Amino acid sequence: MVSFTHTMPFGAEIRDDGSVAFRLWAPGRDRIDLVLPEDGGARLAMDRRPDGWFELATDRARAGSAYAFHLGEGSPTVPDPASRYQPDDVHGPSRVVDPRAFDWRHGDFRGRPWDEAVLYELHPGTFSPEGTFDGIRRRLDHLVDLGVTAVELMPLAEFPGRRNWGYDGVLPYAPDGAYGSPDDLKRLIDEAHGRGLMMFLDVVYNHFGPEGNYLHAYAPDFFTERHHTPWGAAINFDDANSRPVRDFFIHNALYWLQEYRFDGLRFDAVHAIIDDSDPDILCELAEIVRRRADAEGRHVHLVLENDDNVARYLGRDAKGRTTWYTAQWNDDYHHAAHVVATGEAGGYYADYADRPVDRLGRALAEGYVYQGDPSAYRDGEPRGTPSAHLPPQAFVTFLQNHDQIGNRAYGDRIAALAGRLRLRAMMEVTLLAPSPPMLFMGEEWGSTRPFYYFVDFEGDLADAVREGRRREFGRFPEFADPEARRHIPDPTEERTFARSCLDWSALDQADHAEWLGFVRALLRLRRERIVPLLPGLRPGAGWRVRDGRTLTVEWPLEGGGRLSLVANLGDAECGGCETPAGDLLFESRDGVAAGLAEGRMASWSVAWFAESPALPSR
């Protein structure tokens, strides 16, 4: 039997004799009782230790036992903040889980090199008709056949109700019970590993959701008024008594990577993690994870979302190995690509609308578009840091993700906004470029099914979320009229969630089946012809634009070769174009390369070339 467990200094830990040791950090309380609802509601006084810790070991609890913590007379009974399972939602009791009870069939899987990464982001509740971990598991073969190598789950931390994007989680160690049990999640990961798929998890360390977070009641030091975020007082990573808080999140990362065998984590909105200490929490966490992964001989990948565009977290050592974080979601690439494909110029797209093809070229060649440049959208404030020294593998590129779809009023996907020829060209650029690409669920067949923002709140909180979303869109001219805002889908209604679920029957339609074949072919070409070149990439990529629409990007390769992209991303044929040196790897349609040889290139067409001594000629 192969099992994995991550031992933590808090929560409920099963001892060798089967009894359970409970530990809670509650510096704001003088007394804490362990409550066992299935043992007649027994209350057992916990021992108070220095620095706000409470402890108790008892044989009255076993694997599967329900438990909670009572905070004292007139105070609530609360779940364990480190609960491994919450079958009765955020206000119910926690359950003791024995991680050693799950037998891993593919425990020897060690992940895959980052150069092979093709990510697929999905929402567990809307990806399959079942809306469960098992529903995902039954469709793993579809993902393998597609050619992706990594499945990224949106956040799983226990949230209130049955439906949520996951960013309102309040119990970061408990996979939400709406999707299944801890063993269901482990079975999904185990079977994915058996097919050679990596599994990634989106984790949220910048805030807790608005319902079900009881930490303020017994651990006020978990937060600090020294810093503020859009959610209020910041999580305390650098004020007095912050060590247990830092450990809580470091252990959370290790827990998902070790006990559940996730191969990577995506860290949500780290620009909202405020920490003035040295090392800051992001660096300390990454260093600890790296040491553990290296000791185990695993490929573990850490990916950031960081609106501040801070390149230092993505640094490499002299041998090109990741120091802290493997990559960052490149929103700059998305925004430039979106403007090229759709022509939209409102909101933050205004920062890319003046020279969209040039902006796209910089994102492909150097990573960030904004590297300390002033942002008009941000009232002229400089944004970002230099990134040209980083390899393209440090930036995850995409044409859509949950945010870029769901944060639109009507959840529009790119396939509903851009013409087919334009979208084909942008897919040919994105999926074959050196940076690891990411697809959002359904994108592989050109789904136009909306993906809305949805929650399962009730009462005043539901009203506040509903009205807050409508008020947010009131800043846009098309929603200035209150009547127009009334038609924005209500995020609290179940039908909003239902309309966001993927329609798998679309694959029976010829146009969607054709698009799926197109994407599969691109990913096969990437695997066979692009990935072998990636270890040989060298610094110094450059780009140029002709007539505002024809883009050439060149990435130097070891030995003097280069990987080259030429793309006409405009509605008119290009004249005076040049054919790069090397062998043709891909052309959008027959005749594109021949036209280039004559100095012309058809509208919305793409060609890739590689010049390398190691590349066999065709």
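This is a predicted model: local features need pLDDT of at least 70, side-chain atom pairs count only at pLDDT 80 or more; totals for chains, interfaces and linings use all residues.

Colleague: How are helix 7 and helix 10 oriented relative to each other, roughly parallel or roughly antiparallel?

Modeller: Helix 7, which covers residues 331–342, packs with helix 10, residues 420–430, at an angle of about 155°, and their axes lie 9 Å apart. Angles over 145 degrees fall in one class, and therefore helix 7 and helix 10 are, relative to each other, roughly antiparallel.

Colleague: Which residues of helix 10 make the contact with helix 7?

Modeller: Helix 7 passes helix 10 in a right-handed crossing. On the side of helix 7 the contact is formed by Y333, A337, V340, A341 and T342, and on the side of helix 10 by R422, M426, V429 and T430.

Colleague: How many residues of that contact between helix 7 and helix 10 are nonpolar?

Modeller: The contact includes V340 of helix 7 and M426 of helix 10. When the residues of this contact are sorted by class, one is charged, two are polar and the nonpolar ones number six.

Colleague: At what angle do helix 5 and helix 6 cross, and how many residues of their contact are charged?

Modeller: The axes of helix 5 and helix 6 come within 10 Å and cross at roughly 35°, and this crossing is right-handed. Among the residues in contact are R243, R246 and F249 of helix 5, together with E284, R292 and E296 of helix 6. Sorted by class, the contact has nine nonpolar residues and one polar residue, while the charged ones number five.

Colleague: How many residues in the lining of the second largest cavity are nonpolar?

Modeller: The second largest cavity has a volume of about 120 Å³, and of its 16 lining residues F10, W25, P81, F222 and F248 are the closest to the centre. Strand 2, helix 4 and helix 5 each give two or more residues to this lining. By class, the lining has two charged residues and one polar residue, and the nonpolar ones number 13.

Colleague: Which helix gives the largest share of the lining of the second largest pocket?

Modeller: The second largest pocket has a volume of about 890 Å³, and among its 34 lining residues the closest to the centre are R316, K319, G320, R321 and T322. By class this lining has 15 nonpolar, 10 polar and nine charged residues. The largest share, three residues, comes from helix 6.

Colleague: Finally, for the backbone, which peptide bond is cis, and which residue other than glycine has a positive phi?

Modeller: In the loop between strand 17 and helix 6 lies P279, and the cis peptide bond, with omega near 5°, runs from D278 to P279. In the loop between strand 5 and strand 6, the residue other than glycine with a positive phi, near 65°, is D51.

Key
Residues are numbered from 1 along each chain as its sequence is written. Side-chain values use heavy atoms; hydrogens and water are left out. Axes are lines fitted to C-alpha atoms, for helices over the stretch in contact, and angles run from 0 to 180 degrees between N-to-C directions. Helices (H or I, at least four residues) and strands (E, at least two) are DSSP runs, numbered from the N terminus. Angles under 35 degrees count as roughly parallel, over 145 as roughly antiparallel, 65 to 115 as roughly perpendicular and the rest as oblique. A crossing is left-handed if the near helix is turned anticlockwise from the far one by less than a right angle, and right-handed if clockwise. Contact means heavy atoms within 4.5 Å. Ala, Val, Leu, Ile, Met, Phe, Trp, Tyr, Cys and Pro count as nonpolar, Asp, Glu, Lys and Arg as charged, and the others, Gly among them, as polar. On a 1 Å grid over the protein atoms alone, a cavity is a set of points where a 1.4 Å probe fits but cannot get out, and a pocket is an open set with protein on both sides within 12 Å along at least five of seven lines; lining residues have an atom within 4 Å of a point. Grid points are joined across faces, edges and corners, and a volume is the space filled by probe spheres set on the points.
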